[in-house]
Amino acid sequence: MGLYEAGASRTVIFDREGIATFLQHSPGNDSGVVVALKTPYYGISDARGSVVIPEVPPGRYELHVWHERAIPDSLDSQVRTILVSDALHSFEGFARRRTAKRSTPHKNKYGQDYETPSPAVPV
């Protein structure tokens, strides 16, 4: 998507599924993630790790989980086929190993450390 000047904005349409990571190139190094899905059935975990996916009609589904710090192979092992019916509409059984927070600082788009801003000099 490129770099934008401060205060600029753009509209983006995610027309295929996938994961997009956005970085803010500044000393704060804020980031964001967009997970584009081809289904209306999804849930986001709460602080305890519980997930609710509302209004799923009866049927057989393939359930995938995602976490930004997870290794893709570990996520593949969590895929489950589930059957939703009037009688069976909840289940348990996912576990995620806790991973350490990112230990290396984020680098700029050239793979280098960000420059430390100079302290303000009174005029």
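I started with tyrosine 41, which is partly exposed at a relative accessible area of 30%. My cut-offs here: buried is under 20% relative accessible area, exposed is over 50%, and partly exposed sits in between (1.4 Å probe, protein chains only). This is a predicted model, so I took local features only at pLDDT of at least 70 and side-chain atom pairs only at pLDDT 80 or more, while totals for chains, interfaces and linings use all residues. Residue numbers run from 1 along each chain as its sequence is written, and side-chain values use heavy atoms, with hydrogens and water left out.

Next I looked for ring pairs, counting Phe, Tyr and Trp (its six-membered ring) when the centres lie within 6.5 Å; planes under 30 degrees apart are stacked, over 60 edge-to-face, the rest tilted. That search gave one aromatic pair. The partners are tyrosine 41 and tyrosine 61, edge-to-face, with 6.1 Å centre to centre and 70° between the planes. The pair joins distant parts of the chain, 20 residues apart: tyrosine 41 is in the loop between β2 (31-36) and β3 (59-63), and tyrosine 61 is in strand β3. I read helices (H or I, at least four residues) and strands (E, at least two) as DSSP runs, numbered from the N terminus. Tyrosine 61 is partly exposed too, with a relative accessible area of 23%.

**Val56**

What does valine 56 touch, leaving aside neighbours within four places in sequence? I found Tyr41, Tyr61 and Val84 in contact with valine 56, where contact means heavy atoms within 4.5 Å. Valine 56 lies in the loop between β2 and β3 and is partly exposed, with a relative accessible area of 23%. I also checked proline 40: its C-alpha atom is 9.0 Å from that of valine 56, and the two are 16 residues apart along the chain.

**Gly43**

Glycine 43 is in the loop between β2 and β3 as well, and is partly exposed at 33% relative accessible area. Not counting residues up to four places away in sequence, I saw glycine 43 touch Val51, Val52 and Ile53. From glycine 43 to proline 54 I noted 8.1 Å, C-alpha to C-alpha, across 11 residues of sequence.

**Salt bridges**

Side chains of opposite charge can pair when their charged atoms come close. How many salt bridges are in the whole structure? I got two, using a side-chain nitrogen of Lys or Arg within 4 Å of a carboxyl oxygen of Asp or Glu.

One joins lysine 38 and glutamate 17, at 3.8 Å from N to O. It links distant parts of the chain, 21 residues apart, with lysine 38 in the loop between β2 and β3 and glutamate 17 in the segment before β1 (18-23). Lysine 38 is exposed at 72% relative accessibility, while glutamate 17 is partly exposed at 48%.

The other joins aspartate 46 and arginine 48, with the closest N and O atoms 3.9 Å apart. Aspartate 46 is partly exposed at 35%, and arginine 48 is exposed at 70%.

**Confidence**

Last, I checked pLDDT, the predictor's confidence in each residue from 0 to 100. The chain averages 77, and 74% of the residues score at least 70. Among the elements, β1 has the lowest mean (82) and β3 the highest (89). Residues 96-100 stay under 50, and I find three contacts beyond four places in sequence for them. Where pLDDT is low, the predicted coordinates should not be read in detail.
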